[in-house]
Amino acid sequence: MKRHGSHAGVQHQACAALHNLAFHEENAARVVDSGGVEAVVAAMKRHGSHTDVQHQACMALRELAVDEENDARIVVSGGVEAVVAAMKRHGSHAGVQTEACGALRNLAVNEENRARIIVDLGGVEALVAAMKRHG
């Protein structure tokens, strides 16, 4: 992902692969330990207008956030901001909205993340907007 950061197709497929790998707990830990969270967030920032990258990246973060041990890494890496930005930029794309809502849901299980998601980063507004738009 680092070597081909400017290529949206590579980023899309790599995010999809990391999502699939993260279903298994040991693989998820390896993804996180290898810098996968940071790579996914970087892809989201670099390819903000690319719907497929945003969709797959939200899927990867959603799956990685199932394990609360990964949540802090996602938050510190700017994952919440990236997810909220994807929700705002791709409000009409149901896939992005679904996976982004799932990522925020999994991150919000951790009490420390709730205030940051709710108060600081506009997560509640993004969630409500998604519900209204896709209701």
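**View 1. Q56 touches H12, C15 and A16, leaving out residues up to four places away in sequence.** Contact here means heavy atoms within 4.5 Å. The model is predicted: local features need pLDDT of at least 70, side-chain atom pairs count only at pLDDT 80 or more, and totals for chains, interfaces and linings use all residues. Residues are numbered from 1 along each chain as its sequence is written, and side-chain values use heavy atoms, with hydrogens and water left out. Q56 sits in helix α4; helices (H or I, at least four residues) and strands (E, at least two) are DSSP runs numbered from the N terminus. With a relative accessible area of 13%, Q56 is buried. Buried means under 20% relative accessible area, exposed over 50%, and partly exposed in between, with a 1.4 Å probe and protein chains only.

**View 2. Helix α4 is mostly covered, with 11 of its 14 residues buried.** The buried residues are V53, Q54, Q56, A57, C58, M59, A60, L61, R62, E63 and L64. Their cover includes α1, α2, α3, α5, α6 and α7. From its first C-alpha to its last, α4 reaches 20 Å, close to the 20 Å expected at 1.5 Å a residue. The expected span of a helix is 1.5 Å times one less than its number of residues.

**View 3. Helix α1 covers residues 8-21, and its end C-alpha atoms are 20 Å apart.** That agrees with the 20 Å that its 14 residues should span at 1.5 Å a residue. A8, Q11, H12, A14, C15, A16, L18 and H19 are the buried residues of α1. An α-helix has 3.6 residues a turn, so residues three or four places apart point the same way. Among the elements that cover the buried residues of α1 are α2 (25-33), α3 (36-46) and α4 (51-64).

View 4. A disulfide is a covalent bond between the sulfur atoms of two cysteines. The cut-off used here is a pair of cysteine sulfur atoms within 2.5 Å. A search of the whole structure finds 0 disulfides. C15 is in none, and its nearest cysteine sulfur, that of C58, is 9.3 Å away. Seen from C58, the closest cysteine sulfur is in C15, at 9.3 Å, which is too far for a bond. C15 is buried at a relative accessible area of 0%, and C58 is also buried, at 0% relative accessibility.

**View 5. The largest nonpolar core has 36 residues.** A nonpolar core is a set of buried Ala, Val, Leu, Ile, Met, Phe, Trp, Tyr and Cys residues joined through side-chain atoms within 4.5 Å. V40, M44, L61, L64, V80 and V83 touch the most other members. At least two residues of this core come from each of α1, α2, α3, α4, α5 (68-76), α6 (79-89), α7 (94-108) and α9 (123-133). Not counting residues up to four places away in sequence, M44 touches Q54, A57, C58, L61, A82, V83 and A86. In soluble globular proteins, nonpolar side chains tend to be buried together.

**View 6. G123 lies in helix α9.** G123 is buried, with a relative accessible area of 0%. Apart from neighbours within four places in sequence, G123 is in contact with V84, L104 and I117. From G123 to E111 the C-alpha distance is 14 Å, and the two residues are 12 apart in sequence.

**View 7. N110 lies in the loop between α7 and α8 (111-120).** N110 counts as buried, at 15% relative accessibility. Residues up to four places away in sequence aside, N110 touches E68 and D71.

**View 8. The protein chain, for reference, holds 9 helices and 0 strands.** Along the sequence the pattern is α-α-α-α-α-α-α-α-α. The radius of gyration is 13 Å, close to the 14 Å that the globule rule gives for 135 residues, so the chain is as compact as a globular protein of that length. This radius is taken over C-alpha atoms, and the rule is 2.2 Å times the number of residues to the power 0.38. The C-alpha trace spans about 35 × 30 × 20 Å along its principal axes. Of the 135 residues, 50% count as buried. Among contacts with a separation of 6 or more, 66% join residues 24 or more positions apart. The accessible surface of the protein chain comes to about 7100 Å², and 51% of this belongs to carbon and sulfur atoms. Accessible areas come from the Shrake-Rupley method with a 1.4 Å probe; for residues, only the protein chains shown count as cover.
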